[in-house]
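User: I have a model open and want to learn how to read it. Where do we start?

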Amino acid sequence: MSGTSTATTTALYGGRSGRRVTVRDIAAAKERHEKWPMVTAYDAMTARVFDEAGIPVMLVGDSAAMVVYGYDSTLPVTTDDLIPLTAAVVRGSSRAMVVADLPFGSYQASPQQALETAARFMKEAGAHAVKLEGGQRVLPQVELLVSAGIPVIAHLGLTPQSVNALGGYRVQGRGQAGDELMADAKALQHAGAFALVLECVPEDLAQRVTTSLSIPTIGIGAGPYTDAQVLVWQDLMGLTPEPAKFVKRYLDLAGEMDRAIRAFADEVVSGAFPTREHSYR
Ligand code: KIV
């Protein structure tokens, strides 16, 4: 039996409640007009660093296809590829809500397919919520997942799983398409989604959606007015060679790693490593 849990009254980011962040905490943050950060994570050690920094929500994104598995789009990655990564992130964290991204082809066929995939992420990996891409066409999926007790994050704008239909990675929702996106956003909220990712949309559209919804919006390339911001961690840490315009780099991790690996290699070659300090006697 679990005890009762109450929504946090402290900030979502950095709060120390001794339990996992829940959908109620996220709803309460929206009511407080509080902004919060979200990042991707794909392994236990990185997840631990982000968790200890107070990141309240971590996404095991299908971006793993590119940053973990080396594909050039998110399309090839499978549920079997993502479940071990999700389980690792859950094991590496103790406070963050861990959200599993449903990969391409694992939910579009039917609400039943979506439920079977989401249930695998929850049973086999311990995910606390799932994310899926799309508007009107996935409303039945969102409704069934929510009715089964699975928290769902929706995703509109540039939905990378539809890159071929969209004709590339380009800004979405300009002009008339903005009204359609707004209608989709309201329909997804009505279907029970507890948050909405807005990717690569004009900032004024993101602002209108954010003020029109009671659930939080999570922006990525959607300007400053969304309730939360999400980035792929390799982008923000400077590991991705050519990140998109919307990425801010907070570290030159590729440069740091390059320096470190060369120093190690040089010391191995010269015999400067290992010394007695690193040896057993
Ligand atoms: O797969 C992913 O990383 C995403 C993002 C929203 C960053 O969907």
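Analyst: Start with the word contact: two residues touch when they have heavy atoms within 4.5 Å. Keep in mind that this is a predicted model.

User: Is serine 63 buried or exposed?

Analyst: The cut-off for buried is under 20% relative accessible area. Serine 63 has 13% relative accessibility, so it counts as buried.

User: Where does aspartate 62 sit, and what is it in contact with beyond its neighbours within four places in sequence?

Analyst: Aspartate 62 is in the loop between β2 (57–60) and α3 (64–67). Leaving those neighbours aside, its contacts are Thr74, Val77, Leu82, Asp101, Glu133 and Gln161. Its relative accessibility is 4%, so aspartate 62 counts as buried.

User: Asp101 is on that list. What is the place of aspartate 101?

Analyst: Aspartate 101 is in strand β3, residues 97–101. Its relative accessible area is 2%, so this residue is buried too. Not counting residues up to four places away in sequence, aspartate 101 touches Leu59, Val60, Gly61, Asp62, Leu82, Phe121 and Lys131.

User: How should I read a UniProt "binding site" note?

Analyst: With some care: annotations may be inferred rather than shown by experiment. Here an unreviewed UniProt entry lists Asp62, Asp101 and Glu133 under "binding site". They span 72 residues in sequence, yet no two of their C-alpha atoms are more than 10.8 Å apart, so they gather at one spot. The lining of the largest pocket includes Asp62, Asp101 and Glu133.

User: Which residues does UniProt list in the "binding site" note that has Ser63?

Analyst: That note, also from an unreviewed entry, lists Asp62, Ser63, Asp101 and Lys131. These residues are spread over 70 residues of sequence but cluster in space, with a largest C-alpha distance of 12.4 Å. Asp62, Ser63, Asp101 and Lys131 are included in the lining of the largest pocket.

User: Now the fold. How do strands hold together?

Analyst: Strands of a sheet pair through backbone hydrogen bonds, either parallel or antiparallel. In this model, eight strands form a closed barrel with parallel pairing, in the order β1-β2-β3-β4-β5-β6-β7-β8. From one strand to the next, the twist averages 25 degrees.

User: Show me one pair. How many bridges join strand β7 and strand β8?

Analyst: Two bridges, in the parallel sense, pair β7 (residues 217–220) with β8 (residues 228–231). Glycine 219 stands opposite glutamine 229 in β8.

User: And a helix? Which strands does α8 lie across?

Analyst: Helix α8 (residues 176–191) lies across β5 (152–157) and β6 (195–199). It runs at about 175 degrees to β5.

User: Which residues of α8 are buried, and what covers them?

Analyst: The buried residues of α8 are Gly178, Leu181, Met182, Asp184, Ala185, Ala187, Leu188 and Ala191. Their cover includes α6 (139–147), β5, β6 and α9 (203–212).

User: What follows α8?

Analyst: Glycine 192 does, with a positive phi near 115 degrees.

Notes:
Residues are numbered from 1 along each chain as its sequence is written. This is a predicted model: local features need pLDDT of at least 70, side-chain atom pairs count only at pLDDT 80 or more; totals for chains, interfaces and linings use all residues. Side-chain values use heavy atoms; hydrogens and water are left out. On a 1 Å grid over the protein atoms alone, a cavity is a set of points where a 1.4 Å probe fits but cannot get out, and a pocket is an open set with protein on both sides within 12 Å along at least five of seven lines; lining residues have an atom within 4 Å of a point. Helices (H or I, at least four residues) and strands (E, at least two) are DSSP runs, numbered from the N terminus. Buried means under 20% relative accessible area, exposed over 50%, partly exposed in between (1.4 Å probe, protein chains only). Two strands pair if DSSP finds at least two bridges between them. Axes are lines fitted to C-alpha atoms, for helices over the stretch in contact, and angles run from 0 to 180 degrees between N-to-C directions.
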